[in-house]
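Dear colleague,

Please find below the structure I am handing over to you. My notes on what was found in it follow directly after.

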Amino acid sequence: MKTELKRYTVREVTEGFLYSELEAKGLYGLKGDLVVQPEYQRNYIYGDGKKDVAVIESVLKGYPLGLIYFVDTGDTTGPRLEVLDGQQRITSLGRFVTGKFAIVWNMREQTFSSLPKELQETILDAELLVYECSGTEAEIKEWFQTINISGVPLTKQELRNAVYSGPFVTAAKAEFSNSANALQNKWSAYVKGEPKRQEVLEVALDWVASSKGQDIDGYMAAHRTDTDIAELKTYFTSVIDWVTSVFTPPADKTMRGQEWGDLYEEHHHKPYNAATVSKRVTELLHDPAVGNSRGIYEFILGGEEDTKLLNVRLFDDKTKRAAYKRQTEEAEQEGVSNCPMCAIGHESRSARIYKLSEMEADHVSAWSEGGSSELANCQMLCKPHNAAKGNR
């Protein structure tokens, strides 16, 4: 890949700047000859009230903004250049000079137009050091990944979007990476992630790819030139609709970020009574014996058989010691083992008195069958017998 160092002013780079509030994209600069956010670039993430302000303050103080990279596309009919690195900084500059946000300067909140004329000129005349690069698509995207290892790191999905850019990525980002999409609020109850950082899109792709025995990269490669995302949207919607039909809203916070795609594949063909499920979820969420409330949903979907999913809390140390003391005293009087299961056997350990450290607490009546975690329902078993009993 070839590079040539050039100098541009902020005035030149932001001339003709256009910003889409809906998509959080800075689209054009250099009078339309520069694409500020090519398809492989992530959405604008500096709009947090801090980083974008820091960019403007740096320029006003005369600090350099670091190297910026443009790519010469060789296009003779449209924009000739694309931003390879520096999109966030350029977008901050463009948004400020077009009045999209204000900064506090000299103890006053100032937009670009309210700054003194000399400060406006300071910003517009500030020089940006830009390397203009040219090369093959593969070279450009490899370089894009290399130079983005510093600053705010690219997410895995942002890198995938760069590698597999095309009409499919364009349509997928419009649906799943747009924070203004009204459906994002519904999705956020079940999907963990920031739309602008491509995390919702990553989940959607993972679900549909996994259903076909693929990984995300394989799926994106296969669909790169698709002009629509019908399959992706349909599958994602099917999973969300299934979840909301089985576990009726409002959703508990523990539902966010579950492996819903895998659970859908395994259980969506089974019938569930939503009212019964809702009641059971509430019971388990308020059960003090449940140590892992995030496992409730898979536990219920699986017929409440795998109690390990709930990390059921057994008995506290005080209860264990009391049960051990009671059993040991009774066993010594009767000349049998203090493990009830050993005591009823005809084995060499049937009269053995175990140390507390050699025993584990067990529900006499299993927790899964309604047994409580109180002393009256606690028995101490030797570790081999407790492991053999299994069901808590």
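**Findings from the model**

At a relative accessibility of 1%, E158 counts as buried, where buried means under 20% relative accessible area, exposed over 50%, and partly exposed in between (1.4 Å probe, protein chains only). Please note that this is a predicted model, in which local features need pLDDT of at least 70 and side-chain atom pairs count only at pLDDT 80 or more, while totals for chains, interfaces and linings use all residues. Residues are numbered from 1 along each chain as its sequence is written, and side-chain values use heavy atoms, with hydrogens and water left out.

E158 belongs to helix α6 (residues 156-163); helices (H or I, at least four residues) and strands (E, at least two) are DSSP runs, numbered from the N terminus. The E158 side chain reaches the backbone nitrogen of T155 at 2.8 Å. A polar contact is defined here as a pair of N or O atoms within 3.5 Å; within protein, one must be able to donate a hydrogen and the other to accept it, and residues adjacent in sequence count only if both atoms are side-chain atoms.

**Nonpolar cores**

The largest nonpolar core has 46 residues, and F176, W207, L232, F247 and W260 have the most contacts inside it. Such a core is a set of buried Ala, Val, Leu, Ile, Met, Phe, Trp, Tyr and Cys residues joined through side-chain atoms within 4.5 Å. Among the elements giving two or more residues to this core are α7 (167-176), α9 (199-211), α11 (230-246) and α12 (260-267). A second, separate core of 31 residues includes V10, V36, V53 and V55.

Beyond its neighbours within four places in sequence, F176 is in contact (heavy atoms within 4.5 Å) with residues including W187, P195, L201, L232 and F236.

In α12, the residues W260, G261, L263, Y264 and H267 are buried. Viewed down the helix axis, the buried residues of α12 fall within an arc of 165°, so they line one face of the helix; the arc is that of the directions from the helix axis to the C-beta atoms. These buried residues pack against α9, α11 and α14.

**Strands**

Four of the five residues of strand β6 (residues 81-85) are buried, so β6 is largely enclosed by the rest of the structure. Strand β5 (residues 68-72) likewise has four of its five residues buried, so β5 too is largely enclosed. Two strands pair if DSSP finds at least two bridges between them. β5 and β6 run antiparallel and are joined by four bridges; F70 has V83 as its bridge partner in β6, and Y69 stands opposite D85. On β6 there is also a parallel pairing with strand β4 (residues 34-35), through two bridges, in which V35 is partnered by E82. β5 pairs in the parallel sense with strand β9 (residues 127-134) over four bridges, and the partner of I68 there is V130.

**Cysteines and H286**

The structure holds zero disulfides, a disulfide being a pair of cysteine sulfur atoms within 2.5 Å. The sulfur of C378 is 12 Å from the closest cysteine sulfur, in C339, which is too far for a bond. C378 is buried, with a relative accessible area of 1%, and C133 is buried at 1% relative accessibility.

H286, in the loop between α13 and α14, is exposed at 63% relative accessible area. The side chain of H286 reaches the backbone oxygen of T282 at 2.8 Å.

With kind regards
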